[in-house]
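This short report covers a pocket, a surface patch and charge pairs.

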Amino acid sequence: MIFYRLFIEYKTVNSEPISSWQKDPNADCGVVLTGGPGRVREGLSLLSRGLVKKLVISGVHPDVEFSDLYSSWIYLGEIDEKDVILERHSTTTYGNAQQTLPIVEAWGCRDVVLVTSQYHMPRAFKTFVSAFPNQFPIYKHALPAGRSESSHMDVFIEVVKGIFYSLWAF
């Protein structure tokens with residue numbers, strides 16, 4: 001039974017399509033989950049192109065400032081700093097969802113684009129769906145997993161986290 005559950009979760013983790021190559025999402029707010037390469041840049045790109053109106057970058061290290069994230073990406077275009085919130089309190093995917101919800105509610109967002117890696121997306125999406133109100137649209141925007149998060153051990157860890165979260169968070 002345990003091996004069957006591991007196999008099912010492994011298939012789930014490896015089946016997430018890379019949606020960032022297929023379509024441009026459109027929503028009131030974007031939520032970027034830090035922890036992998038390209039995620040913040042993709043969120044800022046969505047904001048600069050007007051595909052999201054506001055952006056939450058969730059799980060930011062307490063010492064990081066907006067200028068640290070944006071200064072090297074001048075080619076993205078004009079971004080108003082007041083349209084970006086660096087959420088600094090969460091350290092887990094569950095914390096990302098819990099800390100992000102009051103922010104998007106305060107902004108009056110009616111829907112959200114969730115930006116994370118393809119391996120992290122299944123667990124992140126389920127966590128956000130369980131934490132946000134029913135009927136609150138959350139759109140997936142998965143990026144390719146970076147080299148730092150695509151080893152067999154990293155995939156295995158994501159599988160174990162997915163099983164743990166299915167028992168605990170959603």
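## Pocket, patch and salt bridges

Helix α6 contributes the most to the lining of the largest pocket: six residues. The model is predicted. The pocket holds about 470 Å³ of space. Its lining counts 23 residues, and R39, H120, R123, E158 and K161 lie nearest the centre. By type, the lining splits into 12 polar, six charged and five nonpolar residues. Both α4 (93-107) and α6 (152-168) supply at least two lining residues each.

Two of the residues nearest the centre, R123 and E158, also pair with each other in a salt bridge. The whole structure has 10 salt bridges. Three of them are listed here.

| Pair | N to O distance | Accessibility |
|---|---|---|
| R123 and E158 | 2.6 Å | both buried |
| R49 and D24 | 3.3 Å | R49 41%, D24 48% |
| E65 and R88 | 3.9 Å | E65 43%, R88 26% |

R123 and E158 meet in a salt bridge. R123 sits in helix α5 (residues 121-131) and E158 in helix α6, so the pair ties together parts 35 residues apart in sequence. Salt bridges with shared partners also join K54, D80, K82 and D83 into one network.

R49 and D24 form a salt bridge too. R49 is in the loop between α2 (39-48) and β2 (52-58), and D24 in the loop between α1 and β1 (27-33), so parts 25 residues apart in sequence are tied together.

The surface has a nonpolar patch of about 500 Å², made by M1, Y4, F7 and I8. F7 belongs to helix α1 (residues 2-14). F7 is partly exposed, at 45% relative accessible area.

Terms used:
Residues numbered from 1 in each chain as written. Predicted model: local features only at pLDDT ≥ 70, side-chain atom pairs only at ≥ 80, totals over all residues. Heavy atoms only, no water. 1 Å grid on protein atoms, 1.4 Å probe; cavity = no way out; pocket = protein on both sides within 12 Å on 5 of 7 lines; lining within 4 Å. Points joined across faces, edges and corners; volume = space filled by probe spheres on them. Helix = DSSP H or I, 4+ residues; strand = E, 2+ residues; numbered from the N terminus. Nonpolar A, V, L, I, M, F, W, Y, C, P; charged D, E, K, R; others polar. Patch = residues over 30% accessible without salt bridge, like charges linked within 9 Å, V, L, I, M, F, W, Y side chains within 5 Å. Areas by Shrake-Rupley, 256 points an atom, 1.4 Å probe, with all protein chains shown as cover. Salt bridge = Lys/Arg side-chain N within 4 Å of Asp/Glu carboxyl O. Buried < 20%, exposed > 50% of the residue type's maximum accessible area, 1.4 Å probe, protein only.
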